[in-house]
Structures are given as C-alpha cells and as structure tokens.
Amino acid sequence: MLDGAARLTELFEETNRLGMPALATTDHGYLFGAFDFWKKATDAGVRPIIGVEAYVTPGTARTDKTRVKWRSDESQRGDDVSGGGAYTHMTLLSYNNQGMRNLFRASSLASLDSVFGKYPRLDRELLNEYHPGLIATTGCPSGEVQTKLRLGLYNEARAAAAEFQDIFGAENYFCELMDHGLDIE
C-alpha cells in the first residue's frame, strides 16, 4: 500500500502523462493538505490550484450556532444533507496569490471563532471581505442553492445564487454539477 506522498507522486505523474497543466485540491473545511499538495505539484511541473470545500453558515453570522429551517414542515429533515441546517457547502478555489492568501485568512479566522461540530464555518462577512482572487461554486448537493432547490424553494435558491454572484462577481461564481449516480444529484 502506498503512503500519501507516494500517492501524490503517482497522481502528478498521471497528470503529466495526460497532458493536464493543473490540478486542484479541495480539503473539507481546512487547508491542512495545501502545502504538501502545492510542493509536490510544483516539483512535478503541475500548476497547483489550492481550494477548500468550505462550510458556510446558511445566512447567519458564523458565531451563531442556531440551525436554520428553510421550511416549516418535516421535508427539510429528510432532504437537508447540509448538517441539518447548521451549514452548507461551497467550493472555493484560489486563482492567484491574493486568492490563496485570502483563502488561508478566511479559513483561519473561521477556525478560530466558528467551528461547529468539527468544521469551521465561513459566513457572508468573511466571503465579502476575502473574495478577491477566489472562484466559488455552488458546491456539492449540500450547497445552499442545491438544498433550497431540492426543498422546492426556487425563489430563495435564486436569491442565494444572486447574492453569491454579487460577492464573487459573475466571472468567478459557477454552478457545480455532479453525476455520481446518486438520487440527490
């Protein structure tokens, strides 16, 4: 069995074999693997893209531990894969050095004052302040936009997408689509 460093080496060798110029990493909530990924990618001649699958407070301050209920009936309970209203997901990728610094700053601040369960949560305040140099996506099925769509809250989903587009800019906010054969996707 290969250790983590050997697996990364193999990953970058395959990246080069396929002629891919860059590869991204998106740790959950934290950036603990970012340096090793960056170092190995750089050594292999692959452009590293540092990112995070961020946990985002659903419209509340990051220090507020109140769970959000988007619907008054029980349908949210069975279809909210976003921590039961405690957070949603959003993929953030740095596209330049400023973005990487901002990603580390926002994630560090969130880890200091807003860990909920085991992950730090970003809020709109941090996203507004540290968005330069970042690309954001709606995230996996646990994203705020996708969760609201599944719950039948179309107008609220559009409003959330518009708010994030205003924060990151139309050129830096994208809809993330997945197809792993899961019903929720």
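User: How many disulfides does the count come to in this protein?
Analyst: The model is a predicted one, in which local features need pLDDT of at least 70 and side-chain atom pairs count only at pLDDT 80 or more, while totals for chains, interfaces and linings use all residues. Residues are numbered from 1 along each chain as its sequence is written, and side-chain values use heavy atoms, with hydrogens and water left out. With a disulfide taken as a pair of cysteine sulfur atoms within 2.5 Å, the count comes to 0.

User: Is Cys-140 buried or exposed, and what is its relative accessible area?
Analyst: Buried means under 20% relative accessible area, exposed means over 50%, and partly exposed lies in between, with a 1.4 Å probe and protein chains only. Cys-175 counts as exposed at 56%. Cys-140, by contrast, is buried, its relative accessible area being 12%.

User: What radius of gyration does the protein have, and what would a compact globule have?
Analyst: The radius is taken over C-alpha atoms, and the globule rule is 2.2 Å times the number of residues to the power 0.38. The C-alpha atoms fill a box of roughly 50 × 35 × 35 Å along the principal axes. For 185 residues a compact globule would have a radius of gyration near 16 Å, which agrees with the value for the protein, 17 Å.

User: What share of the contacts with a separation of 6 or more is accounted for by residues 24 or more positions apart?
Analyst: Contact means heavy atoms within 4.5 Å. Among contacts in the protein with a separation of 6 or more, residues 24 or more positions apart account for 75%.

User: Which residues does Asp-123 contact, leaving aside neighbours within four places in sequence?
Analyst: Asp-123 sits in the loop between strand E5 (119-122) and helix H5 (124-130). Its relative accessible area is 4%, so Asp-123 is buried. Once neighbours within four places in sequence are set aside, the residues in contact with Asp-123 are Thr-57, Thr-60, Ala-61 and Arg-62.

User: Which residues does Trp-38 touch, not counting residues up to four places away in sequence?
Analyst: Trp-38 belongs to helix H2 (residues 34-43), and with a relative accessible area of 34% this residue is partly exposed. When residues up to four places away in sequence are not counted, Trp-38 touches Pro-48 and Ile-50.

User: How far apart are the C-alpha atoms of Glu-171 and Ile-135?
Analyst: Glu-171 is placed in the loop between helix H7 (154-168) and strand E7 (173-174), where it counts as exposed at 57% relative accessibility. Although Glu-171 and Ile-135 are 36 residues apart along the chain, the separation of their C-alpha atoms is 8.3 Å.

Technical notes
Helix = DSSP H or I, 4+ residues; strand = E, 2+ residues; numbered from the N terminus.
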